[in-house]
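I opened this notebook page to record what I looked up, residue by residue and strand by strand. The entries follow the order in which I checked things.

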Amino acid sequence: MAREHERVLVVLLRSHYCPLSREIVQSLRDEYGAFASRSTAVVAVLPDTVERGAVWQRRYELPFSVLADPGESSDDETASSSPSFGTFEPYVRYLQSLPGGALFRTDGDELRLIETVGSDGRQSFPEVEALLSEIESHDRGETRQRAGPRADTYAVTDTD
């Protein structure tokens, strides 16, 4: 899936139980066509079990993947109060709060981080229109410097 797009928006969610995270995946689902038309894949990442990710996939009928990326302390109590990611943990420290995201450019079999996206408030996340605007600004070559691991590169692995 990622290889078919120019970019991948990875959305790091707070928890399986978080109402805001649930709203976000539903709004991304509703506007997925707008991302796809801009050659951008969307991937939601839960700091939880594969089973809980599969529940979201079925319940919300998502056209994009939900990945499970539990960190070392992924039991129910810890995950709901302080999410811990495994693979995506390096990006969490560059976000002011969760949920947040990372926008990557695909480069063959690699993903190159373009920037992190998020909101200043703990109970907010950028609207879909703002995310699409960020993607379009990159298409026009209008990039802004942001804190984060901008030069990091990762291998593309498809989950489909």
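Which side chain does Glu115 join through a polar contact of 2.4 Å? I note at the outset that this is a predicted model, and in it I find that the partner of Glu115 is the side chain of His138. I then placed Glu115 in strand 5, which covers residues 110–117, and looked up its accessibility: with a relative accessible area of 2%, Glu115 is buried.

Entry on strand 1.
I turned to strand 1, residues 7–12, and asked how many of its residues are buried. I count 6 of the 6 as buried, so I describe strand 1 as largely enclosed by the rest of the structure. In a regular strand the side chains alternate between the two faces of the sheet.

Entry on aromatic pairs.
A pair of aromatic rings is described by the distance of the centres and the angle of the planes. I count 3 aromatic pairs in the model. In one of them, Tyr32 and Phe64, the ring centres lie 6.0 Å apart and the planes meet at 35°, so I record the pair as tilted. This pair links distant parts of the chain, 32 residues apart, for Tyr32 belongs to helix 2 (residues 32–36) while Phe64 lies in the loop between helix 3 (50–59) and strand 3 (65–68). Both Tyr32 and Phe64 are buried.

I also looked up Trp56 and Tyr60, whose rings form an edge-to-face pair with 5.8 Å from centre to centre and 85° between the planes. Trp56 is buried, its relative accessible area being 0%, and Tyr60 likewise counts as buried, at 9% relative accessibility.

Entry on salt bridges.
How many salt bridges does the structure hold? I find 6, and I followed several of them in detail. Arg112 meets Asp107 in a salt bridge of 2.9 Å, N to O, and Arg112 also meets Glu110, at 3.2 Å, N to O. I checked the accessibility of each residue in turn: Arg112 is partly exposed at 36%, Asp107 is partly exposed at 39%, and Glu110 is partly exposed at 32%. Through salt bridges that share partners, Asp107, Glu110 and Arg112 are joined into one network.

Is Asp30 buried or exposed? I find Asp30 exposed, with a relative accessible area of 52%, whereas Arg29 is partly exposed, with a relative accessible area of 25%.

Methods: Residues numbered from 1 in each chain as written. Predicted model: local features only at pLDDT ≥ 70, side-chain atom pairs only at ≥ 80, totals over all residues. Heavy atoms only, no water. Phe/Tyr/Trp six-rings, centres within 6.5 Å; stacked < 30°, edge-to-face > 60°. Helix = DSSP H or I, 4+ residues; strand = E, 2+ residues; numbered from the N terminus. Buried < 20%, exposed > 50% of the residue type's maximum accessible area, 1.4 Å probe, protein only. Polar contact = N/O pair within 3.5 Å; in protein donor to acceptor, adjacent residues only side chain to side chain. Salt bridge = Lys/Arg side-chain N within 4 Å of Asp/Glu carboxyl O.
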